[in-house]
Amino acid sequence: MANSCKDLPDECWELIFKRLHHSHLESPSLSCKRFLSITNTLRTHLKILDPTLIIPLSKRFPRLDSIDLSSLRNGQLHHVIIDIATSGLNLKTLDLSESDRLPLESLKVLGSRMKNLRVLMCSCLLTLRDVDLVVIADSMPCLEDLDISEPINRFEAAVTDSGIEVLSSKLKGLRKIDVSGNHYITDKSLLALSTNCVYLAEIFVLDCWSVTSYGIAFVLRNSSNLSSLLVSQLSRIEFGLFDNLVCCARNLSALGIFDSSVPDEFLHFIVKAGIPLKRLSLARSLHQSFTFSGISLFLNKYRSLERLCLAGTDFLTDENISDLSQCLPALVLIDLDLCNNLTESTLFTLAKNCTFLEDISMDGADVGGGGGGDRASDNAKNPRIKSLNLVKNRNLTDECLAKLASVCPSLEVLDVSSCKGITDNGIADFLKCGSKIRKLWINKCRAIKNIGNGFELSELVVLGAARSGINDDGLVVIGNTCRGLLNLNLDGCLGVTTVGLKEILTNCERLREINLTGCLDVSTETADWLVSSRPSLRKIILAHSSLPSGSQRELLLRHGCLVLSE
């Protein structure tokens, strides 16, 4: 038996460190060379900010299998990808999102070296063309997950059915693809993907204007491994196309239909087919869509549903939700954003009737506008609820927030941004009862200048206070009560100066990211002062006029901190 910690073999320490979140590995890595060596082998994902560091980083972290290059400028990508290709890493995931265009020649080299590459992310590229898809398919034939969604110049050099047809004919092992936002693809692309990629399990086809219910029905019939399907903007669903779904889509567990007309008849078809859904999204349905009777009948047959999104369903009332909640005993997440007739009574009812519920989103509802919901909150305590999104609930008051604290005693995530009826006292009283809060957003809450004192929020790691009333006095309190803070957003907080920031930098020893855009007492020297005062900082966001020179930013980056403007 080991007599001391130093006698433990590296394998034991590795098992111990694996139980830590990656953000907590920095402390042991700084304690001794042995721990540094062990923790280096545990990092598998890295986001590259400086293109010159890819070679030394690949040597330091030999088990890297996922690299994110989305922060690099397009002119830097070619050489970085070549460096990755020759690094000896066994890469499985590569993220090239938000680039201008794909560096095709370097991708060919990468594909010839990285035979185990399975995931390629290419979302939000400035330009994406059919020729890019051909190179991807030829260079990386073993891809299983491809994201080519939301190209910026989608009306110029664009992806068409021809590109998808070639892609699908060569990527036989594809299991997941996101083609959202490619406006020129039609049902032909879905037919090709469904026919050629027999293992396809997830298809996302949002904002593809020429895709119709014919293509969707074909996928449901022919993709026997399909588990998740997201579509949008189906102006009309042809009922006859879905008549014989009874023997199809036997693995479909997640279905999302957005910005479309979804009549009751379609929901009846799903029930009749017996599709084993666990997740359903019917967000922002158009006119002549499903009724309360239709969704009620549907949910009564799908009592094992775990996730439900009815965002933008404007006919829903508190009474409707009370009835529907009786059909949702297994519900874990519900999204009722933009359902502006729903008040706090809905929230209390869900907490009471859905005992497995963890996540409630009611952005743009009327929480606080129901008169307090005193009776509804009786016996509604639900310790499983971890996350509440209450953005833009203008009638939300301190009194209602206090009731929510008693209903959700184990809450970890709270967003009350743009809830202008909440004051210092309200948020302070809530946090006294919510010591488990890990993420808090009070953006645009001008009445909140202070989150309260006399208690400690040791679990809080993210605080979003953009354009709130937080000032120097508030920062002193935050520094004293939130010492574990990792991310702080003070964008537009006009009362913040270096006086308050000193408290944050002194007490929040793990702080990694801070946003000071719009803070008046910030200059080009601020970044230097921040990094020297708090070496843990990895990202600083400033107004463009407050950015240090390019050479100074390069120097700070070499010290591990990215300085940029939004």
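User: What lies 2.9 Å from a polar atom of the side chain of T481?

Analyst: The backbone oxygen of V477 lies at that distance. The model is predicted, with local features requiring pLDDT of at least 70, side-chain atom pairs counting only at pLDDT 80 or more, and totals for chains, interfaces and linings using all residues. Residues are numbered from 1 along each chain as its sequence is written, and side-chain values use heavy atoms, with hydrogens and water left out.

User: In which helix is T481, and what makes a stretch a helix?

Analyst: T481 belongs to helix α17, which spans residues 472–481. Helices (H or I, at least four residues) and strands (E, at least two) are DSSP runs, numbered from the N terminus.

User: Why does T481 count as buried rather than exposed?

Analyst: Buried means under 20% relative accessible area, exposed over 50%, and partly exposed in between, with a 1.4 Å probe and protein chains only. T481 has 2% relative accessibility, and therefore counts as buried. Beyond its neighbours within four places in sequence, T481 is in contact (heavy atoms within 4.5 Å) with residues including I451, F455 and L457.

User: What joins the side chains of S168 and N196, and what makes it qualify?

Analyst: A polar contact of 2.9 Å joins them. The term requires a pair of N or O atoms within 3.5 Å; within protein, one must be able to donate a hydrogen and the other to accept it, and residues adjacent in sequence count only if both atoms are side-chain atoms. S168 is found in helix α8, residues 161–170, and is buried, with a relative accessible area of 0%.

User: Why is α9 called roughly parallel to α10?

Analyst: The axes of α9 (residues 187–196) and α10 (residues 213–222) come within 8 Å and cross at roughly 5°. Axes are lines fitted to C-alpha atoms, for helices over the stretch in contact, and angles run from 0 to 180 degrees between N-to-C directions. Angles under 35 degrees count as roughly parallel, over 145 as roughly antiparallel, 65 to 115 as roughly perpendicular and the rest as oblique. The two helices are therefore roughly parallel.

User: How do the residues of the contact of α9 with α10 divide?

Analyst: They comprise six nonpolar, four polar and one charged. Ala, Val, Leu, Ile, Met, Phe, Trp, Tyr, Cys and Pro count as nonpolar, Asp, Glu, Lys and Arg as charged, and the others, Gly among them, as polar.

User: What makes α10 mostly covered?

Analyst: Seven of the 10 residues of α10 are buried, including I216, F218 and V219. Their cover includes α9, β7 (202–205) and β8 (228–232).

User: Why is α5 placed in its class of orientation to α6?

Analyst: Helix α5 (residues 74–85) and helix α6 (residues 104–113) pack at about 10°, with axes 9 Å apart. That angle makes α5 roughly parallel to α6. The contact involves I81 and I82 of α5 and L107 and L110 of α6, among others.

User: How many disulfides does the structure hold, and how is C445 placed?

Analyst: The structure holds zero disulfides. A disulfide is a pair of cysteine sulfur atoms within 2.5 Å. For C445, the nearest cysteine sulfur, that of C419, is 5.8 Å away, and C445 is in no disulfide. C208 is likewise in no disulfide; the sulfur of C124, the nearest, is 14 Å away. C445 is buried at 0% relative accessibility, and C208 is buried at a relative accessible area of 0%.
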